[in-house]
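Dear colleague,

I am passing on a structure that will be new to you, and my notes follow directly below it. Please read them with the model open beside you.

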Amino acid sequence: MSIEEVHPKSQFLRDERLPHIWCPGCGLGIVLQSYINAAEKSGIRLENHVLISGIGCTARLPGYANLDTYHTTHGRGIPFATGMKIANPDLKVTVISGDGDLFNIGGNHFIHAARRNMDLLVVCVNNFNYGMTGGQHGSTTPPSSLSSSTPYGNIEQSFNLPYLAAAIGASYVARWTVMHPRQFTKSLSKAMDIRGFAFVEVLSPCPPNFGKFNGFSDGFAEMEFYRKNSVVDNEAKLEDVSIDPHHGKQIILGEFVNKRRPSFIELEREVNRRAMVVEK
Amino acid sequence: MTVNIRIYGMGGQGIITLAKLIGEAAVEDGKSAIMTEEYSPYVTGGWSTADLIISDHEIDYPLIENLDYLVTLSQEGLEKNLESIKMSSKLITEKSLVKVPDLYKKQAFEIPGIELAKSLNNPKGTNMVIMGAIGGVTKSFSKESGRAAISKRFPSFSEININCFDRGFEEVTRPG
Amino acid sequence: MLPPGKYFTDGNFAATEGALYGGCRFFAGYPITPSSEILERMSRRLPEVGGHFIEMEDEIASIAAIIGASNGGLKSMTATSGPGFSLMQENIGLGMITETPTVIIDEMRAGPSTGIPTRVGQGDVMQTRWGSHGDLAPITYSPNSVQESFDLTILAFNSAEIYRQPVIIASDQVIGHLSEILTVGNPEEYEVIQRLTRKKANGNHNTFSYSDDFIPMFVPGTGFRGNVDSLTHDEMGYPSNDASVEREMLEHLLGKIKRNETKIIRFEEYMTDDAKVIVVAYGITSRSAKKAVKNARDEGLKVGLFRPITLWPFPEGRIVELAEKTRKFIVPEINYGQYSHPVREFSRRETEEIHFPPGAIPDFKIILREIERSFT
């Protein structure tokens with residue numbers, strides 16, 4: 001008798017593509033599993049879930065999910081998803097990409113999609129650096145961090161992503177770490193139900209790069225650090241939720257925004273209905 | 001027959017609209033027409049110009065070789081085009097804005113378009129008066145087609161604009 | 001749809017209405033002179049015909065959005081000019097590697113950089129061929145009239161669907177803003193290729209096929225579960241680092257165009273039968289060239305005009321044929337020599353360039369003088 005090893009989520013994974021390319025201690029496996037669990041619980045037909053990404057380690061995630069998946073160019077997942085969602089509004093379109101992809105090269109698209117209240121769920125896996133290219137710093141690298149391109153320490157202020165998203169008008173904003181998979185999954189499920197722009201940030205270790213440069217012995221040590229140094233505060237003043245571990249600052253997690261305003265698709269439908277009447 | 005018309009004015013005077021309406025009217029009459037336009041990069045206060053060729057034959061080459069008519073609603077338009085004005089060319093100018101030098105007086109139709117448009121309670125209709133004058137002078141399109149093009153473009157304001165157009169036409173065609 | 005009839009209108013209007021005839025139901029764009037009127041007209045017209053319009057934050061977002069929309073199931077397009085076209089290059093490559101049908105209108109203006117927004121140029125011709133990195137086989141049309149702005153836009157949508165790739169219309173500032181007669185026929189006179197799609201995959205969910213030039217796209221939301229990837233990928237759409245997969249994929253991408261070149265390539269000839277000298281001109285320049293050729297013929301000079309309607313693929317076969325009985329080619333362009341290069345390369349004949357500096361419609365007399373000089 002032979003025993004076949006099957007991943008419990010096998011039906012949602014492209015088994016033939018495994019093992020994945022991610023490093024030991026990386027948080028992306030947890031993110032993938034959380035997404036799948038959330039999609040399963042979302043009440044939306046699985047075939048209507050579409051997963052889109054830009055470029056980077058996180059951007060490889062859609063390729064392992066057994067859904068309709070699109071791996072686009074660096075920074076352009078959001079505008080690609082915008083076109084797809086408008087063309088095919090029955091789809092539940094999720095963009096999942098890294099901090100470098102979404103906020104450095106793709107930052108402009110993020111703020112415009114949030115401003116439009118575009119009907120997308122954007123998940124940013126924030127590992128505070130460019131992992132795939134060898135750990136260079138970016139707009140989310142905390143002040144004073146070491147990286148392969150800040151050998152003397154990062155002198156730039158980093159983005160406070162929930163504050164940014166909320167200021168522009170996102171309908172849903174949350175932040176978790178990969179050490180909070182239950183809360184993160186619940187957040188994703190909720191965000192999939194949002195009409196409009198939903199944003200979930202999830203902090204994740206990058207053991208060979210950000211972790212190594214900043215004194216974490218391995219991925220688990222980095223995850224432990226995020227767990228121990230974070231508090232959940234749904235009512236936090238978003239101005240204060242920037243991430244600055246080198247100066248002893250606690251990491252604030254939670255579900256910060258959940259409000260209703262008309263989404264792009266809703267407003268567009270209304271305008272188009274009026275225009276078609278004019279045509280008749 | 002081929003007629004070459006250059007129309008020049010300042011942004012906001014409705015030069016391009018006027019040229020397009022003439023083209024539409026000529027096409028309605030079964031002729032060929034081609035129009036190229038140029039304008040300064042400024043939205044307001046800059047110049048704009050349209051070159052129109054109207055012909056009984058198909059038109060390949062869109063540039064004017066011999067200028068038959070220069071229509072200008074600004075002094076600048078006259079000065080910029082002096083080199084293109086020949087003995088046989090005719091000028092159509094807005095009287096209150098363009099001072100025509102004595103040398104060209106004989107070949108000029110000085111139209112008080114602004115004044116006429118005001119008198120017809122359509123101060124924005126100066127370009128329609130000029131369009132009428134162009135029709136009357138160049139005979140490149142029929143009065144009926146000119147009117148039809150105007151009512152198609154301005155369905156809610158066709159009457160006041162056609163009044164201006166008719167008045168411009170009359171201005172250059174009345175005997176004496 | 002625009003009712004059949006005769007219109008006195010401009011190239012931008014014609015291109016917009018042609019696109020709607022061709023089945024365009026999604027437009028994303030960013031305002032830029034001289035193509036903004038297409039965007040403006042689309043914003044009004046698309047909702048009227050049940051389509052969708054969005055003004056994006058820049059040209060990169062615009063082209064990403066039309067590729068996304070096309071993958072979502074709608075025929076899509078954008079319109080731009082030089083600076084915007086430069087910004088789009090990376091994602092034109094995305095459209096190529098993901099085999100996504102879409103149409104891009106580039107109205108060439110004076111460059112480089114911001115150049116003169118309101119004045120004509122033809123400096124993007126090589127960019128339409130080689131602008132995006134990597135090996136590509138783009139299809140590029142060059143309209144020379146308002147009528148062709150309409151007709152070729154319909155054709156571009158058809159080619160995009162058949163060959164599953166971005167198709168470029170390299171128009172120019174003059175054609176975009178020039179007004180002349182547009183004749184629109186009855187809708188049934190126009191062949192419009194409908195999108196072929198594959199829905200739910202029963203077992204085999206390969207996104208692409210490298211043995212078949214024409215495999216339909218899958219529609220998301222039907223349970224197909226396909227992967228579409230900007231990385232070099234196999235027929236499943238799965239990324240690969242393998243050079244043999246790269247070769248297989250590229251030979252498919254380039255081969256599907258190469259093998260169908262005779263169906264794609266279009267050109268027009270005027271008095272080439274006995275011509276000893278042939279002028280090769282496209283876009284607005286071809287109209288000046290035609291007048292020059294006519295005048296030269298009146299003088300008894302044996303000269304003809306070859307006008308490529310598809311700039312790319314290059315009409316190599318016909319140029320080689322013409323070269324057999326022609327001693328010289330003259331290539332006038334509103335740039336400092338671009339299309340003259342393949343003409344020289346493939347004709348292996350003396351090829352004279354005429355450089356018209358961007359900014360104006362070429363004066364036919366300069367072309368005529370060059371023709372005359374060739375006969376003395």
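Between them, chain C and chain B bury about 1,900 Å², and 57% of that area lies on carbon and sulfur atoms. Please keep in mind that this is a predicted model. To the contact, chain C contributes 22 residues, while chain B contributes 23 residues.

As for the charged pairs, five salt bridges are counted between chain C and chain B; one of these joins D10(C) to K20(B), whose closest N and O atoms are 3.0 Å apart. Across the interface of chain C and chain B there are also nine residue pairs in polar contact, with both residues at pLDDT 80 or more.

On the side of chain C that touches chain B, at least two residues each come from strand 1 (5–10), strand 6 (116–120), helix 7 (173–177), strand 9 (179–184) and helix 10 (283–298) of chain C. Helix 10 of chain C provides the largest share of that side, namely six residues. Sorted by kind, the residues of the side of chain C that touches chain B comprise seven nonpolar, six polar and nine charged.

I160(B) is 95 residues from E65(B) in sequence, and the two are 36 Å apart in space, C-alpha to C-alpha.

With best wishes

Methods:
Residues numbered from 1 in each chain as written. Chains lettered and ligands numbered in written order. Predicted model: local features only at pLDDT ≥ 70, side-chain atom pairs only at ≥ 80, totals over all residues. Heavy atoms only, no water. Contact = heavy atoms within 4.5 Å. Buried area = accessible area lost by both parts, 1.4 Å probe. Salt bridge = Lys/Arg side-chain N within 4 Å of Asp/Glu carboxyl O. Polar contact = N/O pair within 3.5 Å; in protein donor to acceptor, adjacent residues only side chain to side chain. Helix = DSSP H or I, 4+ residues; strand = E, 2+ residues; numbered from the N terminus. Nonpolar A, V, L, I, M, F, W, Y, C, P; charged D, E, K, R; others polar.
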